[in-house]
Amino acid sequence: MLSKERAHGICAQVFEQSPTEDVEVLLFSTRGNSLRIAECGPSEQNALEEISLQIRVVREGRQGRARAASVDPASTGEALDTALKAAVLSPPLELPPLASKSGGGDGGQEEESVTALAEHPPAEKIAQVREYLEAARSEGLAVTGFYDTEGASVTYATGRGCFRHAFVGKARFSSTVIAEPGGAGVAGAVRQGEPLPDDEVAEVGRRAMKKALDSRDPRELEPGEYVVLLEPKAAGDLVMFLAMAGFGARGFLDGRSFLSGRIGTQVLSEKLTFLDDAGDPRFRGLRFDCEGQDRKRVVLVEKGIAKGPVWDRPTAEEGGTSTTGHAGPQPSVSGPNVSNLILRAEGEATKDLMEGVERGLLVTQFHYTNLIDPLPVTVTGMTRNGTFLIENGRITGPVRNLRFTQSLVETFSRVRAVGDDGRLVEPFFGGSVVTPSLLCEGFRFTSSTEF
Amino acid sequence: MDGQKLSPTLYEAIARAGLERASAMGASYADVRIVHEKTRILGVRLGRIGRIEQAETFGIGVRVLVGGAWGYAARPEVEEACASELAARAVEAARAGSPLRARPVDLTEEEPARGHWSSRWEEDPFEISMEEQFALLFEADEILRKNAAIRSTFCTMSFLREDQWLYTSEGTAVSQTALRSGAGITATAVGEGAVQTRSYPASFGGQYEQRGYELVRGFDLPGNAERVREEAVALLTAPPCPGGEFDVILGGSQLALQIHESVGHPNEFDRVLGFEADLAGRSFVTPEKRGSFRYGSPIVDLVADSTLDRGLATIGWDDDGVPARRWHVVEKGIHRNYLTNREFAKRLGDERSRGANRAWGWRYPPQIRIPNLSLMPGDAGTLEDLCEDMGEGFLLDTVKTWSIDQMRLNFQFTTEIGWKIERGKKAHLVRNPTYQGITPGFWASCDAICGPSEWIPWGVPNCGKGQPMQLAEMSHGCAPARFRGLTLMGG
């Protein structure tokens with residue numbers, strides 16, 4: 001991790017080497033370590049430090065980009081030279097000028113707490129999971145898992161005078177337990193900017209073991225349409241796909257988003273409000289983007305009504321609006337996307353959601369969800385690690401896993417109820433979102449499997 | 001070596017510093033890997049440069065075995081002091097975890113290796129000017145845009161050169177250089193309430209091989225752009241693919257992903273033992289199935305080969321220092337062998353590793369990865385011959401989306417394009433063709449495979465595995481093949 005002063009020095013070194021002030025530096029520095037668990041014990045313990053320095057040159061509408069192997073003067077000079085040469089090749093375009101002001105607060109988290117995450121001792125991780133692993137072993141359960149802590153510094157600077165710098169860190173622990181015959185359970189916890197306390201790690205273990213034991217001896221169930229109660233981890237997968245397919249300005253402008261041409265109309269259930277907010281205490285994320293712009297709080301869908309996507313400067317120019325500060329490294333093919341997504345929970349007590357369900361399924365997690373059709377956001381995936389039949393308002397037993405094929409625009413229009421348990425979860429293909437449990441109608445399961 | 005950043009003696013001295021520190025602190029085994037990666041990625045979207053990046057990384061990773069537990073530490077700083085410090089950090093972590101392991105890690109025997117290996121290429125893509133490379137992409141992009149229904153395009157090429165030096169406490173000292181190239185074009189049409197995409201020569205960035213720029217020249221991207229564009233537009237109004245059970249021919253690039261997901265991953269022996277359960281899942285190919293389980297029909301031969309010409313996973317040695325090998329995973333439809341490294345070969349009871357231990361650059365420790373894994377060609381002639389022989393059915397090609405369950409049994413794939421085959425010929429397009437099945441039943445239904453003239457080593461450049469997630473590259477050689485009574489879901 002780089003202090004603000006050290007990061008400033010490296011950026012200044014690049015600007016001194018550059019023949020133009022139209023140069024941009026993106027500097028990431030990370031440090032952390034991880035523990036992988038298999039067979040109720042550690043299977044890998046890894047530590048990684050990394051620095052990534054990317055340089056973009058923008059001259060007379062032409063741009064070039066390069067990444068340096070290191071931050072020493074020879075490496076940054078070489079990368080700068082590559083970026084300058086690349087910029088000569090680029091056809092001239094009307095590119096927005098590089099940022100010259102530093103904007104508002106840079107966001108992120110306190111340096112001290114992020115450093116604690118970066119330096120979190122491997123022995124402490126072992127100590128935190130020891131009791132859980134020993135208990136599982138004595139019960140004859142198979143435990144796998146992943147526990148990692150990481151701290152990072154992120155810097156954006158330009159030769160025109162913009163300099164932004166922040167620290168971000170994360171601790172996360174997930175664990176999957178196998179309980180024969182046929183049982184599996186998962187639980188997890190993630191915190192931004194602070195370590196996981198002992199009791200939270202222990203609670204993950206207890207929840208995963210209980211879910212695995214409860215899901216033993218699953219019975220076969222016919223595919224078909226069911227009411228589904230999606231726990232946050234399952235809901236998070238679907239929320240992330242809805243966002244990737246629909247909440248970025250690039251797809252919106254291309255007509256590939258379910259928001260395209262529908263701003264101001266009811267597109268989803270009135271029970272749902274989606275927003276992107278780096279300032280939310282569960283994220284405490286960066287308040288600037290990869291163009292050095294302020295990352296704004298954006299309401300994407302309010303009570304089911306489409307409000308608009310997130311923008312970067314190139315798409316905003318094309319769309320006749322202003323950036324919301326959601327740019328990735330430029331130039332970007334995929335365009336801007338959400339970074340701190342929240343499905344706001346304004347619902348009823350999660351424990352009551354099941355009460356009115358005559359026959360439905362409780363889903364703990366989805367596996368390998370993937371996008372089939374972007375406009376209706378049709379996706380397919382499998383249930384995993386604890387799927388249970390609900391009859392007359394209560395769980396009556398575990399069932400074998402099922403495959404679903406479903407339009408998410410439909411699913412998020414058929415929400416019967418939203419829980420009050422909104423929390424930070426990590427979907428299968430990465431990222432993190434805040435979502436509560438959701439009760440949805442008419443969810444289509446299209447085939448079954450053998451376990 | 002062109003990729004040499006330091007002198008050979010310096011590499012050895014740096015590695016020795018790490019190995020000696022690890023040994024002094026009680027490591028029973030240690031290795032040091034130094035990796036230099038150079039990449040270039042160029043892309044054009046709708047007449048504008050979408051990607052222009054050249055990057056280098058240079059780093060070192062130290063792996064140790066202490067008290068039967070692994071430890072690993074890595075940093076982008078290739079110096080003796082750094083190697084020593086990383087060794088100490090790795091030992092400290094391994095020692096903390098050792099008492100909690102159910103059983104200590106044990107490795108199969110392996111003779112120390114020495115030498116250098118390099119992939120082959122004719123034209124170094126990094127020596128070709130970006131100007132020339134962009135000119136090719138802009139030419140293809142301009143053709144793709146000549147229809148108002150095309151709302152998005154992407155024409156790209158990418159190159160990766162990796163130089164690696166591996167030193168182990170057992171005396172292995174090897175270096176290797178691998179260069180791979182890739183390119184492809186994509187057009188997305190929007191209209192009629194639909195979005196349809198076509199790609200060439202494959203989707204998700206195109207086709208990748210362990211070759212130089214001659215690969216890109218051979219694709220003739222501009223020459224294929226008009227067809228790609230018109231197919232994307234035609235798919236908007238094509239009838240949806242019907243549902244039901246049909247005879248289906250899968251094109252090579254689609255079948256390659258099927259091999260990857262339903263044969264490659266389930267045969268990683270660490271996954272079989274449950275080591276991947278928290279993320280990617282486990283496997284239905286449990287150990288008692290070895291040698292007797294019917295995986296597919298008698299014409300199905302699936303061969304792992306780390307020596308395959310042009311394969312993305314072709315190596316001199318794996319990251320355990322095990323020389324490249326070739327072996328049957330499935331022979332005449334019967335399961336024969338798994339994919340192993342030294343740790344998991346020992347658990348399986350094999351005398352030697354299959355040499356499938358590979359890491360993503362210097363950042364992470366190696367793990368069992370799918371090597372080049374191919375379906376051997378059959379005797380069904382060309383694709384045209386096979387369509388003629390089928391008479392009625394469907395031809396589906398080019399990956400659009402994929403999903404498979406955590407035991408690698410229930411899969412569902414959607415392809416970019418499908419054709420209804422009538423009287424042995426392509427009759428018309430169908431959109432959103434989606435097929436679904438259970439792995440052993442799917443491979444059992446394979447009754448014809450095209451011959452060597454249709455066989456291509458399709459590259460997969462983005463296989464994710466592990467926590468933290470690592471990427472790996474591999475190729476799956478195959479020719480189009482026919483599957484009887486496959487379930488289509490309806491478009």
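In strand 15 of chain A, A:Phe404 is the bridge partner of A:Gly381.

A few ground rules. This is a predicted model, where local features need pLDDT of at least 70 and side-chain atom pairs count only at pLDDT 80 or more, while totals for chains, interfaces and linings use all residues. Residues are numbered from 1 along each chain as its sequence is written, chains are lettered from A and ligands numbered from 1 in the order in which they are written, and side-chain values use heavy atoms, with hydrogens and water left out.

**Strand 13 of chain A**

Strands here are DSSP runs of E with at least two residues, numbered from the N terminus, and two of them pair if DSSP finds at least two bridges between them. Strand 13 covers residues 378-391 of chain A, and 13 of its 14 residues are buried, so it is largely enclosed by the rest of the structure. Buried means under 20% relative accessible area with a 1.4 Å probe, protein chains only. Here's how strand 13 pairs up:

| Partner strand in chain A | Sense | Bridges |
|---|---|---|
| Strand 12 (residues 359-373) | antiparallel | 11 bridges |
| Strand 15 (residues 402-407) | antiparallel | 5 bridges |
| Strand 14 (residues 394-398) | antiparallel | 4 bridges |

Strand 14 supplies A:Ile395 as the bridge partner of A:Ile390. Strands 13 and 14 form a hairpin too, with 2 residues between them and A:Asn392 in the turn at a positive phi of about 50°.

**Where chain B meets chain A**

Counting contact as heavy atoms within 4.5 Å, 76 residues of chain B touch 81 residues of chain A. The buried area is about 6800 Å², with carbon and sulfur atoms giving 52%; that's the accessible area (1.4 Å probe) that the two parts lose on being put together, summed over both.

There are 7 salt bridges between the chains, each a side-chain nitrogen of Lys or Arg within 4 Å of a carboxyl oxygen of Asp or Glu. One of them joins B:Arg89 to A:Glu49 at 3.1 Å, N to O. On chain B's side, the largest share, 11 residues, comes from strand 2 (residues 48-66).

Strand 2 of chain B also pairs with strand 3 (residues 62-68) of chain A, in the parallel sense over 2 bridges. There, B:Gln54 is the bridge partner of A:Ala66.

Key:
Buried < 20%, exposed > 50% of the residue type's maximum accessible area, 1.4 Å probe, protein only.
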